[in-house]
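Please read the points below alongside the sequence and the model.

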Amino acid sequence: MKKVKKVDREWKIIHKEMNKDGIKLAFRDNCEYALSKDQFTATTNDHFWALALAIRDRIVERWIITQQKYHRENVKRVYYLSMEFLIGRLLDNYIINLGLKKEVISALEEMGYNFREIEEQEQDAGLGNGGLGRLAACFLDSMATLSIPCHGYGIRYEYGIFNQKIKDGYQVELPDEWLKSGTPWEFARSEYPVKVHFYGKTINFYDKHGKFRVKWVDTEDVLAVPCDLPIPGYKNNTVNTLRLWSAKSTEEFDLDYFNSGDYEQAMQKKIISESISKVLYPNDEVSRGKELRLKQEYFFTAASISDIIRRFKAENSDLRKLPDKVVIHLNDTHPCLAIVELMRILLDEYEFDWDTSWDIVQKTFAYTNHTLMPEALESWPVPLLEKVLPRHLQIIYEINARFLNEVSQQFPGDNEKLRRMSIIEEDYPKRVRMANLAIVGSFSVNGVSKLHSHLLKTKFFKDFDTFFPEKFNNKTNGITQRRWLLKANPLLSHLINQTIGKSWITDLEKIKKILPFKEEASFRKKWQEIKLENKKELAKYISKTTNILVDPTSMFDIQVKRIHEYKRQLLFCFYIISQYLTIKNEPNRFIQPRTFILGGKASPGYYMAKLIIKFINSVGEIINRDKTVNDKIKVVFIENYRVSLAEKIIPAGELSEQISTAGMEASGTGNMKFALNGALTMGTLDGANIEIAESVGKENIFIFGHTAQEIEDIKNRGYDPQEYIKKSPILKEIFSLIMGNFFSPYHPGLFEPIIKTVYNIDTFFICADFASYLNKQEEAGRLYQNKEEWTRKSIINVASCGKFSSDRTIKEYAQEIWKIKPLQV
């Protein structure tokens, strides 16, 4: 028999040319052969696709080599499970990470095309709601740049976070059709579908060896079909994978119904099955929405666990050694059904005993908690779990029973502790506490800022920290400087590169080298010119999209983030009203002209958040129409806040509003993005603000308000907001205006819910913090008058951001939790 020559498993040559001429050739070839267009018929969108395919080809070669190396060396990998990946636009990010920005721009210019026009054709991939999804995207970038073997897993939502329109001041939600024209980045992997089961029932039996077994039968099945996106590191040849699951029906249609003429019923199963990956976060105010959300969470975790086991078994045989090669990281509680799913597979499919299975599980999972809001700690009604996932509920009950038995042995007779630590909440109906399940089933539990982690250990999960003294740890969040400075702010990046070199791009601690230049007048002048240019660009966008003309020489005072009461957009709005009143009543006391810029989306079912958006726009309408004040202050609410819009807004920011109630924001990353782009922070001692203050120095940040402990003390004494209102004439007048329908003259009583919430209850301590906030805002206004000193502090903020790179965060995860080493490709 003739021997077959062994083929080298790794490609030795990168075939696609990484230069201007190679880009031009690929661009023209793609226009002609991939898109069937010539210079007369090609649109700007065609040009985007032609360029994207050229860039994709250069990524794919490195992607294949990376995955071959992972398999060949059988490396330990982290599998990062997240319901959200807010990746935004990818073209420019990919080009930067390949190191091809100059070559691409030059190639396009020689062919007569504008890169920025082409880039604007790309739709944001809005596969997330806010900070959680954006953090996951930053982490993927850092893992690839640090050469950490990683796979991300999520859902390929057909419709991402909704598009927001503002009509008559109200938020209106429109579907986000990000896939309407397709995306050049994804690769469907239809050869790796996973069958995911729902509903059905369980059957108990004894196998031929006399062992008790359980079988899950009569299920309704859905196919999870993977689509892969490449995640390239910065100039290092590593390309990791983000695998997103799409729901497909196991049957395209029912032929019997079709033949009988009932065409709608023939497609019914397909429609129901595929609704699972249709929309990011269905409205869970109704029971069907809750059920769909639960199915989403199980759908992607079950598919991911199956895929992880398949990958493991490609190079290994003994599942008892799974923790040696696999770490599964849970990004908040949404994916923590993965713990139960792995138990189910080990028990029911591989027939391991309970103790062996549980030992594997506890050594495999790590969990990050992202919230301090009790109502945001996810729990599921037992009847719903029993209906949708009957086998999993049985396993959860067994995990809980065994765990509580351990607790009772260590703390005999302490029934109250058992109640607090139980995975099952004895409510009506009973509920499964997913955070408790995640803590019990993981070997590591981390918070995302020093304060957050401290509160987890001392307040929210104190019992668990006592029981698992080595399990809890802190990993302060970070952002990728490649997206949020190098890409978003090219003018400032260029100045920094000219001044200290480019080492900061992969080691943000090196950015502190710019610190001495704060004393050079020429450097400060360039810094100021760049900020002004960024403000002019944003002013153009504001004029184009809102018809509001703003003064780029005014202070740009910005709060852009998800709309939520604890983030206190109302506090910011009250300050805006106070400035309006100062100009009207005491014009000599007015200090600094400002443009107040707000943006963010409210959850469709969150009534108060949507009313806050209307309130902001109503206040803005009154102020912007008043000719006696609108040359001094303007209010702008920019609709449809998203990643690509953040990249326009953040480089223009000068004062960054990070004003959540102390003890309620887990970390925040918007604060880091603004600081890295030279904005000074106006903030409470909450989340990562505390660590930013430590890094930049208390004289270079505006800290106000009560601390988390002081808030707790006020609550315990009994908080009455009217005590604070009585002491503040300006706050009294603000409430008087709202009560008198000054901001809603044609809709009397429209903002009465705001009055009831803040004036009478004030859950988020707006009134308690208002006086302190006002004082710090006055201090900021006075400092802004001294341009040179403000610029010095701006430079200090940027120079002090080294700690807040997601590269640092990922290094800590890899070394301290995952125990994974980089693998150079």
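1. Phe-574, Tyr-580, Phe-615, Phe-735, Phe-742, Phe-743, Phe-751 and Tyr-759 make up one aromatic cluster. Rings of Phe, Tyr and Trp (its six-membered ring) pair if their centres lie within 6.5 Å; planes under 30 degrees apart count as stacked, over 60 as edge-to-face and the rest as tilted.

2. The model is predicted: local features need pLDDT of at least 70 and side-chain atom pairs count only at pLDDT 80 or more, while totals for chains, interfaces and linings use all residues. Residues are numbered from 1 along each chain as its sequence is written, and side-chain values use heavy atoms, with hydrogens and water left out.

3. Across the whole structure, 34 aromatic pairs are found. Tyr-575 and Tyr-773 form an edge-to-face pair, at 5.8 Å centre to centre and 65 degrees between the planes. Tyr-575 belongs to helix H23 (residues 569-585) and Tyr-773 to helix H32, so this pair ties together parts 198 residues apart in sequence. Helices here are DSSP runs (H or I, at least four residues), numbered from the N terminus. Tyr-575 is buried at 2% relative accessible area, and Tyr-773 is buried at 0%; buried means under 20% relative accessible area (1.4 Å probe, protein chains only).

4. The pair of Tyr-719 and Phe-765 is stacked, because the ring centres are 4.4 Å apart and the planes are at 20 degrees. Tyr-719 is in the loop between helix H28 (708-717) and helix H29 (721-726), and Phe-765 is in the loop between helix H31 (752-761) and H32, so the pair ties together parts 46 residues apart in sequence. Both Tyr-719 and Phe-765 are buried.

5. The axes of helix H30 (residues 729-739) and helix H32 (residues 766-785) come within 10 Å and cross at roughly 120 degrees. Axes are lines fitted to C-alpha atoms, for helices over the stretch in contact, and angles run from 0 to 180 degrees between N-to-C directions. H30 and H32 are therefore oblique to each other; angles under 35 degrees count as roughly parallel, over 145 as roughly antiparallel, 65 to 115 as roughly perpendicular and the rest as oblique. In H30, Ile-730, Leu-731, Ile-734 and Phe-735 meet Cys-767, Phe-770 and Leu-774 of H32, where contact means heavy atoms within 4.5 Å.

6. Helix H1 (residues 20-34) and helix H2 (residues 44-73) have axes that come within 8 Å and cross at roughly 120 degrees. H1 and H2 are therefore oblique to each other. Residues of H1 that meet H2 include Gly-22, Ile-23 and Phe-27.

Methods. Helices (H or I, at least four residues) and strands (E, at least two) are DSSP runs, numbered from the N terminus. Buried means under 20% relative accessible area, exposed over 50%, partly exposed in between (1.4 Å probe, protein chains only).
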